[in-house]
Amino acid sequence: MSDHARGGARCPFFHRHILWLLAVMLHCAAAGLGAQDTHYNVHQYGGRSALLGGAVIAGCDDTGAGYYNPGRLGFISNPQLSATADLYQLDFLNIENGAGTGTKIGSTQVRIVPLLASGIFLFEGAPRHAFGFNIISRQYWSASASARREALENVIDDARSPGDEDYRGQLRIRVDLTEYWAGLSYACRFHRYLSFGVTHYACVRLEDTGFQVATRAVGAPFTLHSGENNVNVDYYNVRSLLKAGLAFDIGFFKAGVTVTTPSLSLFGSGTVSGQYTVNDLDTDGNGTGESLAIDDRQEGLSAQFRSSWAFGFGVEYTAPTYTRIALAVDWYLPVGEYAVMRPASKNPIVGIPGVADSRKAFQVLDQRRGALNVAAGIQQKFTDTISGAFSFRTDFTVKKEIDSEGFTLGATGWNLYHLATGLIFNTGRSEFSAGIQFSIGAGQFEQPVNFTNVRESKLLTGDTSKVEQGYFSMALIAGYTYYF
């Protein structure tokens, strides 16, 4: 330990400096690569519904109605079972200068995304009533990205390490997010042209995020100066919500409205850990290197996740040319700041004088702004059995900056735009859909770390800033519906 750390007369200043240093390290961790949990409309469900970009609030004709508009179940006359999946989804993430000038953060992922398993049940004794179930992958995202820079630079003061040092900076980010919704639906067609329905969902969310930064500077004579920052957040949460819908159908024209309640957290648990080490770095500019460790891991913490009120509206028109034109709007309200997990109070500073509180420094926070998304789709009937579909939809980020101390979820800030096209084959007893979807995104990304213009006071990193980011995804869509 440095003389400065041992100096009793300077301890109060050193205590304050440790808290400042902890804030710097937590900022780096909080600005990691977030998952696509900052979007609400990443996936669509049901073969035809997916190809139409989810613009089916007014005219969903398959088992996906339990999700898009439960009221539509009242207009479906045949019992059905269906399953849909995105096959071999390929994601490209590219962030130029994401870890400093000339240091790119990139990720390429290939995965299979199951989207929907659902069914509708009708009973002869209740001709105006319909029952259904659906299981959907509401969120299904994983990413692994890294960046590294090596250079000979003078990053340590010459009084302590003359000349250039052999500098290494390395970043690794890992995100794994899965959220499933399982719902039971009921609908009643209470009028020739009107039907009302509701779906009760149980939601299970699992998220595992890891963030590691390591910096090294080896100088002469054989001195090692380093900083390390490791954060891991792992939790699950079970919650419940309701989605209700009203559907209007006169044949050639359809309309629908929906409302989704905020979720009610039932139970959840998780783990938060952080390890920060500083080895012989002059973090306060007094000419003396300090070495310290900040370390804590707390498991079995109560975990919650909140989702917002949401409202939907859609219309669909069928022209005499058998062209179906569909439009839909989804409006999501904001979610205020809350703690996903909050550890117990504990001093995480190890082996040296200093006081901090894990309850604030290691808490996991989330909040979301509102979003208004639109979707438009066209379905054209070519023959009695074959139709084509094309759609466009927006998927705006709901990321909102959090100024409070602690870790935050979802740092990406891109807006996504989805294009889908494909064919629908209907044999009377079954329907098969196949198509392709392209997704692009662009926006601002807060650098989690900067490996250029490094300084000791920043743990051998530089000042971070916002840079442009880009995202591209391609997915094959397949759906099958069987009619009893």
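**Note on the predicted model**

1. Asp 463 counts as partly exposed, at 44% relative accessibility (buried is under 20% relative accessible area, exposed over 50%, partly exposed in between; 1.4 Å probe, protein chains only). Its side chain meets that of Arg 455 in a salt bridge, 3.2 Å from N to O (a side-chain nitrogen of Lys or Arg within 4 Å of a carboxyl oxygen of Asp or Glu). Arg 455 is partly exposed too, with a relative accessible area of 34%. Elsewhere, salt bridges with shared partners make one network of Arg 48, Asp 61, Arg 72, Asp 249, Glu 316 and Arg 324.

2. A word on the basis. This is a predicted model, in which local features need pLDDT of at least 70 and side-chain atom pairs count only at pLDDT 80 or more, while totals for chains, interfaces and linings use all residues. Residues are numbered from 1 along each chain as its sequence is written, and side-chain values use heavy atoms, with hydrogens and water left out.

3. The salt-bridge count comes to 21. One of them joins Arg 160 to Asp 280, with the closest N and O atoms 3.2 Å apart. This pair links distant parts of the chain: Arg 160 is in the loop between β3 and β4, Asp 280 is in strand β8 (residues 264-281), and 120 residues separate them. Strands here are DSSP runs (E, at least two residues), numbered from the N terminus. Arg 160 is buried at 17% relative accessibility. Asp 280 is partly exposed at 26%.

4. Arg 160 has another partner to check. Its side chain also meets that of Glu 456 in a salt bridge, at 2.8 Å from N to O. Again the pair links distant parts of the chain, 296 residues apart: Glu 456 lies in the loop between β19 (430-446) and β20 (466-483). Both Arg 160 and Glu 456 are buried.

5. Now the rings. The model has 21 aromatic pairs. Tyr 67 and Tyr 68 have ring centres 5.1 Å apart and planes at 75 degrees, so this pair is edge-to-face. Rings of Phe, Tyr and Trp (its six-membered ring) pair with centres within 6.5 Å; planes under 30 degrees apart are stacked, over 60 edge-to-face, the rest tilted. Tyr 67 is buried, at 7% relative accessibility. Tyr 68 is buried as well, at 4%.

6. Compare Phe 131 and Tyr 186: their ring centres are 5.4 Å apart and their planes at 45 degrees, so the pair is tilted. Phe 131 is in strand β3 (residues 126-153) and Tyr 186 in strand β4 (residues 165-188), 55 residues apart. Phe 131 is partly exposed at 32%. Tyr 186 is partly exposed at 31%.

7. Next, a sheet. It is open, has 3 strands in the order β12-β14-β17, and its pairing is mixed. β12 (335-341) and β17 (407-408) are the edge strands; each has a single partner, so one side of each lacks a neighbour in the sheet. β12 and β14 (residues 364-368) run antiparallel and are joined by 4 bridges (strands pair if DSSP finds at least two bridges between them). Val 335 stands opposite Arg 368 in β14.

8. Last, follow β15 (residues 371-381). It runs antiparallel to β11 (residues 323-332), with 10 bridges. It also runs antiparallel to β16 (residues 386-395), with 7 bridges. A hairpin of 4 residues joins β15 to β16. Ala 375 of β15 faces Ala 328. Ala 375 also stands opposite Arg 393 in β16.
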